[in-house]
Structures are given as structure tokens and as C-alpha cells.
Amino acid sequence: MLAEAASYGLDAWQRSILFLDVMRRRAVQYDEHASEAVPHVLDFDAELVCDGREFARPVNYLLVRIVPPQGVEIDSRKRPFVVVDPRAGHGPGIGGFKADSEIGVATKAGHPCYFVGFLPDPVPGQTIEDIAEAEARFLEIVSDRHPGAEGKPCVIGNCQAGWAMMMVNALRPELFGPIIVAGSPLSYWAGVKGQYPMRYSGGLLGGSWLTALAGDLGQGVFDGAWLVQNFENQNPANTLWTKQYNLYSQIDTEAERYLGFEKWWGGHVLLNAEEMQWIVDELFVGNKLAAGEIRTSDGVAIDLRNIRAPIVVFCSKGDNITPPQQALDWILDLYDSVDEIRAHGQTIVYTIHDTIGHLGIFVSAGVAKKEHDEFASNIDFVDVLPPGLYEAILEPKDATIENAELVTGEWVMRCEPRTLDDIRALGGNNLEDERRFAAAARLSEINLALYRALVQPWVKATMTPPVAEAVRRMHPLRLQYELYGPRNPFMAWVETAAGRVREERSPVAGDNPFLKLQQQASEQIVEGLDAWRKTAERLSEETFRALYGAPTLQAALGIDTGSQRPPRKAAKSLLHNALVERRIAELRAAITQGGLREALLRSMVYVGMARGRVDERSFEAIRRIREKAPRAAEVTLAEFKALLREQFFMVLIDEDAALAALPGLLPEGRDERRDALDLLTNVLTASGPLTDAAAERMKRITELFAIGTSKGRSSKIERVESETSGASTSESAAQGSQPNVSH
């Protein structure tokens with residue numbers, strides 16, 4: 001026992017020295033990173049394309065082109081990807097932090113890739129609207145650089161960049177291809193009782209007056225370290241213990257990974273006080289984005305229903321910063337049914353990870369190799385989905401998968417139609433909860449006005465540039481780098497001592513009882529900190545609900561407790577309703593127009609709707625047909641998407657009329673019809689044989705093609721008719737399952 005104690009004591013002492021040395025190296029890395037002209041953590045070479053500081057309304061944002069890694073071939077026909085990182089306290093580069101990252105999977109899939117980053121210091125006077133205009137200009141430049149690409153750029157907005165790019169998309173929808181918002185909050189009050197307490201912070205602190213105070217203490221500059229501090233406060237066990245303990249306990253293997261992440265985590269950036277105040281007032285506390293209550297300086301309302309390209313929402317149940325409700329409930333704020341989503345021509349695809357945390361959505365190599373890889377590989381498939389609400393399901397490709405050669409990666413992606421009830425089933429606020437948050441937002445406005453009238457003049461009068469800089473350097477997150485840095489004389493001996501320790505390193509055996517006691521002690525510390533967190537979260541929630549749920553306070557703040565309308569609900573447009581009615585009339589009139597191309601797409605939609613899902617293999621089959629058939633390749637992806645949507649809406653509006661018109665769209669030649677039907681069958685069976693209602697519908701389509709029987713008949717068609725004969729679901733039942741969008 002004495003020998004084991006001595007062995008553990010030596011190991012613990014050596015680990016302590018090496019731990020201090022990693023802290024020293026982290027401080028040195030912090031200073032070096034901060035001194036760079038354009039600090040970032042991209043793992044890819046990049047070329048500057050455009051500097052936002054040169055615009056008429058300058059901003060500190062940059063557009064760069066990612067240089068493809070050696071051995072990666074870029075296809076000039078593929079749409080470019082634009083990855084936009086969040087300016088939420090940290091510096092840029094997390095979207096390309098590793099080879100297996102959003103940028104990595106996009107380039108691997110053959111797409112040209114661009115990155116939108118930013119400098120650590122804002123341009124004085126720049127606003128969120130200035131940044132939105134700059135980002136729109138960046139997308140114009142990217143499109144101009146790729147005139148031969150099939151489709152507009154696909155934009156990935158991480159975290160805070162997600163809402164920013166959604167706003168730009170709503171204002172300039174013609175610039176965008178599909179937009180992927182990863183871990184992005186869009187409905188800021190949403191959540192589940194007993195979970196995700198961060199949403200209560202604004203109300204418990206009295207609103208956004210503290211944001212104004214922080215900006216005044218910085219002389220018009222808001223320190224992003226405060227945002228990072230908010231993230232760290234959500235998990236005190238990790239912040240105060242686990243992160244450092246993991247380094248200490250695995251000091252021989254963990255140092256480089258730890259330093260790599262800390263380079264980004266400690267790369268604090270600054271924002272103009274006006275920028276941060278707008279974000280807190282309009283979004284975090286006000287929750288005005290999904291309600292369409294945000295307007296530009298010239299009075300244009302930012303309405304997310306204006307977005308025309310597909311919206312892909314990627315979120316996780318393990319994310320306590322942006323839970324699924326905050327990522328998805330904007331859909332409930334904007335729409336009352338899936339029919340309304342379709343009426344706006346919008347396609348929304350979401351996928352929910354079960355466990356990954358907030359940072360893992362952008363950093364995890366496992367996520368990059370699965371979710372981001374599939375979206376990058378199948379972005380054109382997502383782009384041509386008919387309007388509606390879908391959930392993306394990813395299944396591993398194995399030997400049982402039909403037509404595995406049509407699967408581009410290691411996972412099979414299919415999109416299954418969903419309704420708003422599926423979003424509601426995730427949990428969320430009731431009307432009383434919405435009133436509580438509305439009361440908090442109203443009190444925030446009052447407190448901010450009182451601060452500006454009574455306190456702000458005194459704060460501004462006492463702050464000078466040297467004092468503001470001193471306050472910034474004394475922030476707890478910045479101060480820790482000073483304490484372990486080379487300017488601290490008590491750290492001077494660490495580097496030399498660490499060198500000797502590495503030469504004489506003597507790790508303890510894994511079965512040492514004192515090492516096991518160390519691990520048990522660590523687990524108890526984590527349990528204690530977690531218990532403290534849960535207690536604080538419960539008290540915070542109960543306090544918020546009791547305070548802002550009080551009828552007296554709500555009445556004093558002007559909250560109408562008798563109304564059944566949520567305080568934040570997007571208004572309907574009579575003009576849009578009129579335009580929808582007009583468009584429906586146009587589609588009805590065009591049902592009998594077209595030719596074989598329209599007939600094939602209409603048949604594909606009709607049969608596919610009964611399957612209840614859309615599979616990447618069917619789109620891949622279409623893509624390969626386009627490559628082999630010169631005439632098919634004449635139709636661009638955008639034209640194919642428009643044709644598909646037209647036929648989809650025709651089937652939804654008047655299914656009987658759409659089917660009755662099919663024979664008139666087909667060529668007279670039997671062989672040509674047979675070839676067309678064989679092509680249709682190949683596409684529809686790419687993801688597996690047709691069964692039940694889909695088989696019944698295919699039988700009806702075969703009858704409408706009226707090719708009869710002949711020796712030259714495709715064996716594929718014969719097989720489908722054979723399968724159809726055993727179908728169990730009636731045609732009437734299949735028709736009855738279709739939604740009604742006539743309104």
C-alpha cells in the first residue's frame with residue numbers, strides 16, 4: 001500500500017506540473033491568437049474574396065473561398081456552399097474546425113465552398129442591418145462566380161448565424177438555395193417546463209437593461225466574453241471541474257485536443273453595443289422574429305414566410321442552448337397547418353439528434369460524417385422536395401438496402417411528411433406561458449427606459465477609454481489567461497519543470513487504488529455541482545413562473561389575460577390569400593396542358609404521395625437518367641423543381657381532374673408510352689417495391705398509360721403489376737388520406 005501511495009503521489013505531482021504547463025501554453029496561445037490580424041480556427045486554406053470593410057456601409061465581415069484540400073476534386077456544375085459562423089462571443093472558424101466538418105463534407109461532396117467570418121473588432125457604427133446587407137452582397141458575389149452551377153448557393157448558418165441568414169433570406173429570397181440552420185434559435189420563448197432554463201434569464205435579470213449597462217461600461221462596445229460566460233453558466237460541473245479534470249487525469253494524451261478547442265473557445269470578440277442591444281431586445285427577450293414584427297430602417301417587415309428555398313433545421317434534444325422547441329416552434333408561430341406551409345410554397349425539413357450537445361452540432365466529427373455529410377451529398381434532393389413539412393430520417397446502409405448503388409454515402413436519407421402536431425408533440429409553451437414571457441418583455445422595455453433616463457448618463461460620464469479597457473481585461477474569462485500567462489512571475493518556473501517531468505514521466509498503473517479514489521472523488525464533485533445546478537434551475541423556473549404569472553403584474557404591464565390569441569403570433573395577409581386563390585385557378589386551367597414530361601412527374605407525385613416518404617434513391621435514379629439522356633439534361637434543376645411543384649399542386653388541388661387529363665398528355669405511340677412507363681417504374685421502385693396504396697396507385701397509372709400487353713413489355717412493369725394484384729389498401733382509402741389545400 002505504501003508503494004502504491006508513493007507511485008500515485010509521484011504521478012499526481014507530475015500531472016500537476018504538466019497541467020500547469022498546459023495552462024501556460026493556453027495563455028501564450030491566447031495572446032498569439034489575439035495578436036493575429038485575422039484570428040480564426042479554420043483547418044483549411046482560404047483566399048480572401050471580399051472585405052466588408054470596403055462597402056459603402058462597412059462591416060467587419062469577410063468572404064473567403066476555401067481552397068480544396070489536396071486530392072479533393074470540385075465539380076463546377078455543383079452549387080456552391082457558403083458556411084456562416086456565429087458571432088456570439090467566439091471568433092470564426094468552428095464550421096471548418098476539423099477535416100470532418102461542415103466545410104470538409106461540402107468539399108468532399110465536390111461543392112465549391114466559401115466561408116463568411118469576421119474580425120474581432122466591429123466597425124464603429126455598424127448595425128445588424130448593415131451586416132445583413134453585406135451578407136446579401138456576399139451571396140451575390142458567390143453566385144456571380146459560379147454562373148454554370150445548378151442552383152443557388154446552399155447556406156449553412158450555425159447558431160446565431162442561423163437567425164441572421166434567415167433574416168437575409170426573408171429579405172432577399174432570390175439569392176438563396178437551400179438554407180441549413182444548425183443549432184439556431186428562432187423561437188426564443190419556446191421550451192418545456194422543467195427543462196432549458198436559459199430562456200428565463202432575461203426575465204429574472206429584469207430585461208435588457210444589463211445589456212445596455214455592459215455596453216456603456218465598454219464605451220459603446222459589448223464584450224463577447226459575457227456571452228461565453230452565459231454558455232459556461234449553463235453547466236457549472238463542466239465549467240468548474242470536468243473540463244479541467246479531464247485534462248489533468250489524461251494529461252499525457254489530452255493536451256493537444258484541449259488546446260485546439262480552447263483556441264476557439266477563448267477567441268473572444270467584440271460587438272457594438274447597438275448591435276447587442278438590438279439582438280437582446282428584438283430576439284432574445286422580445287421574440288419578434290417569428291411574429292414578423294421586426295422591420296428594417298425603411299419599414300420592410302422581415303417575414304420568414306417569404307423564404308422560397310428549402311429550410312433545413314438541425315437541432316438536438318441534448319442541446320440546452322437551442323433546444324428543439326426554440327429551433328422549430330417558429331413554424332407554429334407562422335402557420336396554422338401544413339396546408340398553409342404549402343400555400344406559401346415553403347419546404348421545411350428538420351432532423352433531431354437524440355443526445356449531441358450544442359457545440360457538438362458544429363464540432364463533432366460524428367455529426368459531420370452523418371448529418372452534415374448526408375445534407376451536403378443530397379442537397380439537390382432536398383431542393384426539389386414538394387412544399388410541405390418533412391422530417392429527415394437517416395438509416396445506415398447495409399446489405400438489406402435495395403438498390404444500394406443509388407446511395408451516395410454510408411447512410412440512406414429519406415424525408416417523411418409531418419404535420420404541426422408532430423412539432424407540438426415535442427412539448428412547448430401553453431397560452432399562460434406565452435403571457436408570462438410577454439410580461440417579461442414588457443417589463444424589460446420599462447426597465448431599459450428607466451436605465452437610459454436615470455442611470456446611463458452617469459455611467460457614460462464616468463467611463464473613459466482606459467477605464468473601459470481595464471474593465472474588459474478584468475473580465476473573469478480574460479483574467480484567467482493573465483493569471484497563467486508569461487506576465488505572471490510565479491509561472492516562470494513551470495516550463496522548465498515541465499520539461500524535466502516529461503523526461504522522467506512515471507504514470508501510475510490503472511488499477512492503483514488511489515487513482516480509483518481520485519476518480520470517485522471527481523464523480524462526487526460532478527454530482528454535487530449537478531445537484532446545485534438542478535436546484536438553481538428549478539428555483540429560477542418557479543420564480544419566473546410565479547412572478548410573471550401574477551395576474552396583478554400582467555394587468556399592470558398591459559397583458560390582456562382574456563385574449564385567446566398568443567401575444568406573439570404572425571399576422572395573416574389578405575393579399576396573400578387572394579394570390580393563392582389566383583394561383584389555384586391558374587393551376588386548374590393548366591391541368592390539361594403539357595406533354596410526356598408533365599405526365600411522368602404527375603404520375604410520380606401521385607404514386608409517391610401514397611408511400612408517405614421520399615427517398616434519396618429515387619432522386620439519384622432521376623439524376624442518372626438525366627446524365628444518360630441528352631434531352632432530359634436540357635431541363636435545369638430549377639426548371640425540374642418548378643415543373644415538379646406545379647404537378648404536385650395540381651394533384652393536391654384536384655386529384656381526379658389531374659388523373660383524368662393524363663392520357664391527353666401522353667404520346668400516341670405505344671412503344672414510347674411503354675418506355676416512359678418503364679422509366680417511371682425504375683424511379684418509383686428505386687427505394688424498394690411498391691406496396692399497399694402505392695401499388696394500387698401504380699396499377700391505376702399503368703391503366704391510364706394504356707399500353708396493353710406485348711412481347712416487348714418491360715419486365716419491371718410486369719413485376720409491379722404482379723405486386724399490385726396483392727395490394728391490400730383500397731384506392732378510396734388512399735385518396736382519403738390526402739390533405740385538402742383548396743383553401
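**Cysteines, a sheet and a buried asparagine**

Cys 315 counts as buried, with a relative accessibility of 0%; here buried means under 20% relative accessible area, exposed means over 50%, and partly exposed lies in between, using a 1.4 Å probe and protein chains only. The model is a predicted one, in which local features need pLDDT of at least 70 and side-chain atom pairs count only at pLDDT 80 or more, while totals for chains, interfaces and linings use all residues. Residues are numbered from 1 along each chain as its sequence is written, and side-chain values use heavy atoms, with hydrogens and water left out.

Cys 50 is buried as well, at 10% relative accessibility. How many disulfides does the structure hold? There are zero, a disulfide being a pair of cysteine sulfur atoms within 2.5 Å. For Cys 315, the nearest cysteine sulfur belongs to Cys 159 and is 13 Å away.

Strands (E, at least two residues) and helices (H or I, at least four) are DSSP runs, numbered from the N terminus, and two strands pair if DSSP finds at least two bridges between them. Strands β6 (179–182) and β9 (311–316) run parallel and are joined by four bridges, with Ile 179 opposite Ile 311 in β9.

Finally, where does Asn 60 sit? Asn 60 is in the loop between β1 (46–51) and β2 (61–66), and is buried at 0% relative accessible area. A polar atom of the Asn 60 side chain lies 2.9 Å from the backbone oxygen of Leu 119, and this side chain also reaches the backbone oxygen of Asp 121 at 3.2 Å. Beyond its neighbours within four places in sequence, Asn 60 has contacts (heavy atoms within 4.5 Å) with residues including Arg 53, Arg 87, Phe 118 and Gln 126.

Conventions
A polar contact is a pair of N or O atoms within 3.5 Å; within protein, one must be able to donate a hydrogen and the other to accept it, and residues adjacent in sequence count only if both atoms are side-chain atoms.
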